[in-house]
Amino acid sequence: MKLKNVLIVVKDVERSRKFYHDLFGLDVIVDNDGNMILTEGLVLQEESIWKKFLGREIIPENNAAELYFEERNIEDFARKLEQYDPPVQYVNRLMTHSWGQKVIRFYDPDGNLIEVGTPMEADMS
């Protein structure tokens, strides 16, 4: 068995497409009217579709999961993030963990938690 995608719920799929393209370079692979698959296996699904399927309310900023990206030049990414419009909501700005990894955490426009960190020495990919 192989994990193929990770789906996140978004209010405006086009706004989220732009966000993930501008900041992370992700491109559209499939656009199925409210269900968009991006490169790297990220799926954006319109909140209205998800709510109808799930039958429950969506809880933004629930902090139960995060998307994790790695970036070697994290200082440049942090500057790019600072300049992004509209401004992002930070959990923590660029910091260094005790084990030496630099990370930054913030929310996407729909309250999905994102962490960007410098690569760890033991690459598990």
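Reader: Which residues form a nonpolar patch on the surface, and what is their accessible area together?

Author: This is a predicted model, where local features need pLDDT of at least 70, side-chain atom pairs count only at pLDDT 80 or more, and totals for chains, interfaces and linings use all residues. Residues are numbered from 1 along each chain as its sequence is written, and side-chain values use heavy atoms, without hydrogens and water. A patch takes residues with over 30% relative accessible area and no salt bridge, and joins nonpolar side chains within 5 Å. Tyr68, Trp99 and Met120 form such a patch, with about 340 Å² together.

Reader: Is Met120 buried, partly exposed or exposed?

Author: Met120 lies in the segment after strand 8 (113-117). Buried means under 20% relative accessible area, exposed over 50%, partly exposed in between (1.4 Å probe, protein chains only). Met120 has 37% relative accessibility, so it counts as partly exposed.

Reader: How are the rings of Phe19 and Tyr20 arranged?

Author: Rings of Phe, Tyr and Trp (its six-membered ring) pair if their centres lie within 6.5 Å; planes under 30 degrees apart count as stacked, over 60 as edge-to-face and the rest as tilted. By this rule there are 9 aromatic pairs. Phe19 and Tyr20 sit 5.0 Å apart, centre to centre, with 80° between the planes, and the pair is edge-to-face.

Reader: Why is the pair of Phe77 and Phe106 tilted, and how many residues apart are they?

Author: The ring centres of Phe77 and Phe106 are 6.2 Å apart and the planes are at 35°, so the pair is tilted. Phe77 is buried at 6% relative accessible area, and Phe106 is buried at 0%. Helices (H or I, at least four residues) and strands (E, at least two) are DSSP runs, numbered from the N terminus. The pair links Phe77 in helix 3 (residues 74-83) to Phe106 in strand 7 (residues 102-107), and the two are 29 residues apart.

Key
Patches are made of residues with over 30% relative accessible area and no salt bridge: like charges are joined within 9 Å, nonpolar side chains (Val, Leu, Ile, Met, Phe, Trp, Tyr) within 5 Å. Accessible areas come from the Shrake-Rupley method with a 1.4 Å probe; for residues, only the protein chains shown count as cover. A salt bridge is a side-chain nitrogen of Lys or Arg within 4 Å of a carboxyl oxygen of Asp or Glu.
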